[in-house]
2 protein chains.
Amino acid sequence: MKITILGTGMVGMTIAEKLTTLGHQITMGTRDPETTISRPTPATWKKIPFGDWLNAQNSVVLETFENSAKEADLVLNATSGGVTLKALDMVGKDLNGKILIDIANPLDFSNGMPPTLSVCNTDSLGEQIQARFPEVKVVKSLNTMNTYIMMHPETIPGDHTVFVSGNDSEAKKAVSNLLQEIGWTEGNIIDLGDISTSRGTEMLLPVWLRLWGALGHANFNFQIQQA
Amino acid sequence: MKITILGTGMVGMTIAEKLTTLGHQITMGTRDPETTISRPTPATWKKIPFGDWLNAQNSVVLETFENSAKEADLVLNATSGGVTLKALDMVGKDLNGKILIDIANPLDFSNGMPPTLSVCNTDSLGEQIQARFPEVKVVKSLNTMNTYIMMHPETIPGDHTVFVSGNDSEAKKAVSNLLQEIGWTEGNIIDLGDISTSRGTEMLLPVWLRLWGALGHANFNFQIQQA
């Protein structure tokens with residue numbers, strides 16, 4: 001598939017690497033490609049500038065948000081939750097009719113650590129995206145774990161869970177298929193229901209952040225253990 | 001131990017039954033014992049009036065909130081989140097110096113189903129209780145699963161998690177010991193940190209409620225699966 005990843009941070013890079021190995025053609029969208037390429041500090045976990053990383057990829061194309069999704073079969077939002085709506089506005093009507101996997105969380109760092117959520121309880125980022133882009137098939141998923149585990153679920157032993165939320169059943173099925181390509185077993189993918197169930201998964205972040213502190217590492221995931 | 005359970009609903013009844021079998025002396029607190037005893041409808045999952053249930057218990061005493069905690073070694077809040085602060089006010093200064101296990105969630109049913117939270121994100125019911133009763137050792141726990149699983153963790157196969165949050169380490173240790181008496185293994189008890197971490201566990205409720213819908217039953221629990 002032609003997959004557009006919006007966002008060029010650690011999250012976007014990790015996803016691009018994995019989806020490339022699966023044979024997908026990846027375009028990454030950013031506000032200003034020149035600035036991204038020349039990002040001077042080794043600001044990522046890779047400890048290399050983005051341009052060096054990009055040169056080492058076989059088939060990842062970097063584009064402006066505006067030009068990133070024209071050919072896409074599927075779009076994945078890996079921007080920070082706080083700038084997601086602005087970034088999607090720049091992509092604009094090229095999103096229409098497409099599946100948008102939203103993995104962002106509306107984290108608000110303005111009041112210090114740990115972050116709070118800028119929207120929750122009676123609304124969610126997933127719902128805000130769906131409301132703003134009614135012709136896009138928004139599927140919230142993968143937002144309840146660290147990026148490496150999203151793309152390498154085998155890192156965690158045993159069964160553990162990935163949620164999907166969305167209004168379009170066919171879109172959720174397509175996302176489920178992509179998750180299975182990545183390595184998620186069908187039994188570990190839980191369809192919570194429509195996009196309003198994004199509230200629940202985004203509201204997992206506060207306990208996720210505290211678990212990170214309590215356990216001293218982020219290599220964990222939620223498993224729904226059933227009787 | 002002499003344990004006072006505040007609240008006489010299904011939650012309080014299930015906990016009283018279990019703690020009685022473990023040899024603890026149970027007092028249950030309610031607003032008006034006469035009303036509770038004569039509660040005419042079979043309103044509980046037991047399908048029997050509260051008075052009949054109480055008569056069948058060997059050693060459960062029913063008291064007003066005001067008189068319920070005078071002799072208690074430990075108090076457990078099993079009232080609905082929406083009335084918790086009012087109930088605790090009625091218990092009053094008998095709570096001082098004691099451990100209060102808070103298992104309630106601030107569910108708000110006023111906007112229909114599923115309920116939202118009346119407090120979250122920047123505050124929590126656990127924190128509100130601690131702020132209102134600074135001399136009480138509040139430990140939030142057990143609020144992330146259904147009541148039967150709280151008291152019968154062996155219902156769910158394999159490992160699954162119970163969280164504890166609180167400012168007093170000794171109090172959390174005492175609660176952890178009680179949890180182990182109930183059947184929780186030490187490795188499945190995660191101390192998240194101070195009482196502000198109640199935000200995280202209370203904010204698990206929205207996804208818990210949606211999982212109940214998606215799975216079609218409430219016999220599940222969160223397991224933190226680690227690499």
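Two strands count as paired if DSSP finds at least two bridges between them, and the elements are DSSP runs numbered from the N terminus, helices being H or I of at least four residues and strands E of at least two. The model is predicted, and local features need pLDDT of at least 70, side-chain atom pairs count only at pLDDT 80 or more, and totals for chains, interfaces and linings use all residues. Residues are numbered from 1 along each chain as its sequence is written, while chains are lettered from A and ligands numbered from 1 in the order in which they are written.

**View 1. Strand 11 of chain A pairs with strand 11 of chain B.** The two strands run in the antiparallel sense, and seven bridges join strand 11 (residues 220-226) of chain A to its counterpart in chain B. Within this pairing, the residue that stands opposite Q225(A) is N221(B), which belongs to strand 11 of chain B.

**View 2. The contact between chain A and chain B draws on residues of both chains.** Chain B gives 35 residues and chain A gives 35 residues to the contact, two residues being in contact if their C-beta atoms, placed from the backbone, lie within 7 Å. On the side of chain B that touches chain A, the elements that give two or more residues are strand 7 (116-117), strand 10 (189-193), helix 9 (198-202), helix 10 (205-215) and strand 11 (220-226) of chain B.

**View 3. Chain B and chain A are related by a two-fold axis, a consequence of the rotation that superposes them.** In chain B, the C-alpha nearest the axis is that of Q223(B), at 2.4 Å from it. The same surface serves both copies, since 100% of the contact residues of chain B recur in chain A.

**View 4. The open sheet of chain B has eight strands and mixed pairing.** The strands follow one another in the order 3-2-1-4-5-8-9-10, and strand 3 (60-64) and strand 10 of chain B are the edge strands, each pairing on one side only. Neighbouring strands of this sheet are turned against each other by 25° on average, direction ignored; axes are lines fitted to C-alpha atoms, for helices over the stretch in contact, and angles run from 0 to 180 degrees between N-to-C directions. Strand 2 (residues 25-30) of chain B pairs with strand 3 of chain B in the parallel sense over five bridges, and in strand 3 of chain B the bridge partner of M28(B) is L62(B). Helix 1 (residues 10-21) of chain B packs on the sheet, where it touches strand 1 (2-6), strand 2, strand 3 and strand 4 (74-77) of chain B, and its direction makes about 165° with that of strand 2 of chain B. Helix 8 (residues 169-182) of chain B also packs on the sheet, touching strand 5 (99-102), strand 8 (137-141), strand 9 (162-166) and strand 10 of chain B, with its direction at about 160° to that of strand 9 of chain B.

**View 5. In chain A, an open sheet of eight strands likewise has mixed pairing.** The strand order in chain A is 3-2-1-4-5-8-9-10. Strand 3 (60-64) and strand 10 (189-193) of chain A stand at the edges with a single partner strand each, so one side of each is left without a neighbour in the sheet. From one strand to the next, the twist averages 25°. Strand 8 (residues 137-141) and strand 9 (residues 162-166) of chain A run antiparallel and are joined by three bridges, and V139(A) stands opposite G166(A) in strand 9 of chain A. Helix 8 (residues 169-182) of chain A packs on the sheet and touches strand 5 (99-102), strand 8, strand 9 and strand 10 of chain A, its direction making about 160° with that of strand 9 of chain A.

**View 6. Helix 5 and helix 6 of chain A pack against each other.** The axes of helix 5 (residues 84-91) and helix 6 (residues 125-132) of chain A lie 11 Å apart, and the packing angle is about 25°. The two helices of chain A are therefore roughly parallel to each other, a description used for angles under 35 degrees, with those over 145 counted as roughly antiparallel, 65 to 115 as roughly perpendicular and the rest as oblique. The contact is made by T84(A), L85(A) and L88(A) of helix 5 of chain A and by L125(A), Q128(A), I129(A) and R132(A) of helix 6 of chain A.

**View 7. Helix 5 and helix 6 of chain B cross at roughly 25°.** In chain B, the axes of helix 5 (residues 84-91) and helix 6 (residues 125-132) come within 11 Å, and the crossing angle makes helix 5 of chain B roughly parallel to helix 6 of chain B. From helix 5 of chain B, T84(B), L85(B) and L88(B) meet L125(B), Q128(B), I129(B) and R132(B) in helix 6 of chain B.

How values were computed. Copies are superposed by least squares on the C-alpha atoms of residues with pLDDT of at least 70 in both.
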